[in-house]
Amino acid sequence: MAKKKEEMTQEQVQGAAAETAAPAAGKGMNPVDIFRDALMKTDREGMVDLLSFIQEIGFLDAPCSGGNHLAKKGGLLEHSVNVLKYAEKIGVSLLGGAEYNKIQDSVVIAALLHDLGKCGDYDKPMYVENILKSGKPSEAKPFKRNPDLLAVPHAVRSIKLATLFIDLTEEEEWAILCHDGLYDFMKYDLNGKERPLQLIVHWADMWASRVIECGSDQEGAE
Ligand SMILES: [Fe+2]
Ligand SMILES: [Fe+2]
């Protein structure tokens, strides 16, 4: 059960958000520490075991895409921290500090775990090295989808892997499932079913992947 937090002003939440999710240049925290600290601060039961599992399955070193955005070692971690950073900015701006504070734990969990499924499953990574016919690794697209892993949408896989260790709220589950908004399997069926947490994570994911990392987060584009 998450500890009850003292109500914060908008300025304080923005300060806390910066402290939680600022890049290493901010207060000297590296992405791994930001990721672990933010998730541990949610006090969600099972988080210690989930974090051990996340390390075991290679999340910290995984690329974020095949050749699109952050297609490099550690790219998935960097992207997840970026999404948290922008989700906190969006959440505080739209809701104000006091209201944002009520959903902060859910924002942290949904933002940092939305792409957990990109690690793959069944001891098979989602991305493997992309070796060209010449035998050389591709520079344009360093990774490719693992042909040995079935095409379960990565958002579905994120929920499956997280809920092996922690409970997600219904809103968190929806936010992770629909983090790609209209661009994924829900497509226009999402119309009218949007939720505040889902929209915050979706917009943060779009801003991080499209604007900051200059790529696309959709599987079809990877
Ligand atoms: Fe994604
Ligand atoms: Fe993403």
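**An exposed tyrosine, a helical core and its packing**

Tyr122 is exposed, with 7 other C-beta atoms within 10 Å. In this predicted model, Tyr122 sits in the loop between H6 and strand E1 (127-129). The backbone of Tyr122 also deserves a look: its phi is near 55°, a positive value in a residue other than glycine. Lys187 belongs to the loop between H8 and H9. Because 11 C-beta neighbours lie inside 10 Å, and 12 or fewer is the cut-off, Lys187 counts as exposed.

The loop between H8 and H9 also holds Cys178. Is Cys178 buried or exposed? There are 24 other C-beta atoms within 10 Å of Cys178, and the threshold for burial is 20 or more, so Cys178 is buried. Setting aside neighbours within four places in sequence, the contacts of Cys178 are Met186, Leu190, Gln198 and His202.

The secondary structure consists of 9 helices and 2 strands. Read from the N terminus, the order of elements is α-α-α-α-α-α-β-β-α-α-α. Among contacts between residues at least 6 apart in sequence, 66% join residues at least 24 apart.

In soluble globular proteins, nonpolar side chains tend to be buried together. In the present model, the largest nonpolar core contains 47 residues, and the members that touch the most others are Ala87, Ala110, Ala111, Leu112 and Val201. Two or more residues of this core come from each of helix H3 (31-41), helix H4 (47-56), helix H5 (75-95), helix H6 (97-113), helix H7 (154-162), helix H8 (170-177) and helix H9 (196-212). Which residues does Leu112 touch, not counting those up to four places away in sequence? Its partners are Phe35, Ala38, Leu39, Ser80 and Leu84.

Helix H6 provides two views of how the helices pack. Against H8, the axes are 9 Å apart and the packing angle is about 30°. As this angle falls under 35 degrees, H6 is roughly parallel to H8. The crossing of these two helices is right-handed. On the H6 side, the contact involves Ser106, Ile109, Ala110 and Leu113, which meet Glu171, Glu172, Ala175 and Ile176 of H8. By class, the residues of this contact are 5 nonpolar, 1 polar and 2 charged.

Against H9, the axis of H6 comes within 10 Å and the two cross at roughly 45°. This angle makes H6 oblique to H9. Here, too, the crossing is described as right-handed. Ile103, Ser106, Val107, Ala110 and Ala111 are the H6 residues of the contact, and they meet Leu197, Ile200, Val201 and Ala204 in H9. The contact of H6 with H9 has 8 nonpolar residues, 1 polar residue and no charged residues. Ala110 and Ser106 take part in the contact of H6 with H8 and also in that of H6 with H9.

A further packing pair is formed by H3 and H5, whose axes come within 10 Å and cross at roughly 55°. That angle makes H3 oblique to H5. What is the handedness of the crossing in which H3 passes H5? The crossing is left-handed. H3 contributes Pro31, Val32, Ile34, Phe35 and Ala38 to the contact, and H5 contributes Leu77, Glu78, Ser80, Val81 and Leu84. Sorted by class, the contact of H3 with H5 has 8 nonpolar, 1 polar and 1 charged residues. Phe35 and Ala38 on H3, together with Ser80 and Leu84 on H5, belong to this contact, and these four are also touched by Leu112.

Terms used. Residues numbered from 1 in each chain as written. Chains lettered and ligands numbered in written order. Predicted model: local features only at pLDDT ≥ 70, side-chain atom pairs only at ≥ 80, totals over all residues. Core = buried A, V, L, I, M, F, W, Y, C linked by C-beta atoms within 7 Å. Helix = DSSP H or I, 4+ residues; strand = E, 2+ residues; numbered from the N terminus. Contact = placed C-beta atoms within 7 Å. Axes fitted to C-alpha atoms, helices over the stretch in contact; angles between N-to-C directions. Parallel < 35°, antiparallel > 145°, perpendicular 65-115°, else oblique. Left-handed = near helix turned anticlockwise from the far one by under 90°. Nonpolar A, V, L, I, M, F, W, Y, C, P; charged D, E, K, R; others polar.
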